[in-house]
Amino acid sequence: MTVRSGPGDALEPRRSREGTLDNVIETVLDKGLVLNADIMVSVGGVELLGIRIRAALASFDTAARYGLEFPAGTDRDTVAWRQALERKETCPSCGKSSPAAQLLEEYCPWCGWQSAQALREASAPGLEPAQGASPPDEDVDRDG
């Protein structure tokens with residue numbers, strides 16, 4: 001929540017759009033959420049019941065990336081599973097997730113944005129560096 005004031009106005013609270021339910025769900029699925037709880041019931045200093053709970057909430061992409069265990073019988077030899085393990089980056093133009101290699105070396109499949117590396121390679125096709133010349137910097141300018 002932000003607070004704004006105008007000339008001669010009292011402070012007016014306004015909601016920012018950054019805390020919407022969509023953003024919260026997207027962040028939880030993208031980053032993951034792990035809950036750990038230890039519950040103990042004791043009577044007179046004697047522990048009668050102990051429960052340990054560990055719950056994880058994440059997308060399959062995130063869970064696979066962090067190596068979380070999946071239920072027995074999960075088929076890990078599928079195309080979707082291999083895609084989940086593939087490294088992804090967020091497009092600086094549209095904000096959608098794409099395979100890192102495609103985003104940096106070619107273009108964003110969602111909006112067509114091209115990295116500086118892709119533009120440089122497209123503008124000089126077939127040119128080889130001169131002998132003795134140092135290779136180009138590995139740093140990629142993602143802003144354009």
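Is S115 buried or exposed? Select S115: this residue is buried, at a relative accessible area of 0%, where buried denotes under 20% relative accessible area, exposed over 50%, and partly exposed the range in between (1.4 Å probe, protein chains only).

Before continuing, note that the model is predicted: local features need pLDDT of at least 70 and side-chain atom pairs count only at pLDDT 80 or more, whereas totals for chains, interfaces and linings use all residues. Residues are numbered from 1 along each chain as its sequence is written, and side-chain values use heavy atoms, with hydrogens and water left out.

**Overview.** Display the whole protein as a cartoon. The protein has five helices and six strands, taken from DSSP runs numbered from the N terminus (helices H or I, at least four residues; strands E, at least two). Along the sequence their order is β-β-α-β-β-α-α-β-β-α-α. Of the 144 residues in the protein, 12% are buried.

**The surroundings of S115.** Return to S115, in the loop between α4 (100–105) and α5 (116–123). Show L104 as well: its backbone oxygen lies 2.5 Å from a polar atom of the S115 side chain. Next, select α5, where A116, Q117 and A118 are buried. The cover over the buried residues of α5 includes α4.

**The nonpolar core.** Select A63, A64, F70, W81 and A84, the five residues of the largest nonpolar core; such a core is a set of buried Ala, Val, Leu, Ile, Met, Phe, Trp, Tyr and Cys residues joined through side-chain atoms within 4.5 Å. Both α2 and α3 (79–85) supply at least two residues of this core. Centre the view on F70: leaving aside residues up to four places away in sequence, F70 touches F60, A63, A64, R76 and W81, a contact being heavy atoms within 4.5 Å.

**The largest pocket.** Finally, display the largest pocket, with a volume of about 550 Å³. Of its 20 lining residues, E26, D30, R65, T90 and S97 are the closest to its centre. A pocket is here an open set of points on a 1 Å grid over the protein atoms alone, where a 1.4 Å probe fits, with protein on both sides within 12 Å along at least five of seven lines; lining residues have an atom within 4 Å of a point. Two or more lining residues come from each of α1 (21–31), α2 (60–66) and β5 (88–90). The largest share, six residues, belongs to α1. Colour the lining by residue class to see three nonpolar, seven polar and 10 charged residues; Asp, Glu, Lys and Arg count as charged, Ala, Val, Leu, Ile, Met, Phe, Trp, Tyr, Cys and Pro as nonpolar, and the others, Gly among them, as polar.

Conventions. Polar contact = N/O pair within 3.5 Å; in protein donor to acceptor, adjacent residues only side chain to side chain. Points joined across faces, edges and corners; volume = space filled by probe spheres on them.
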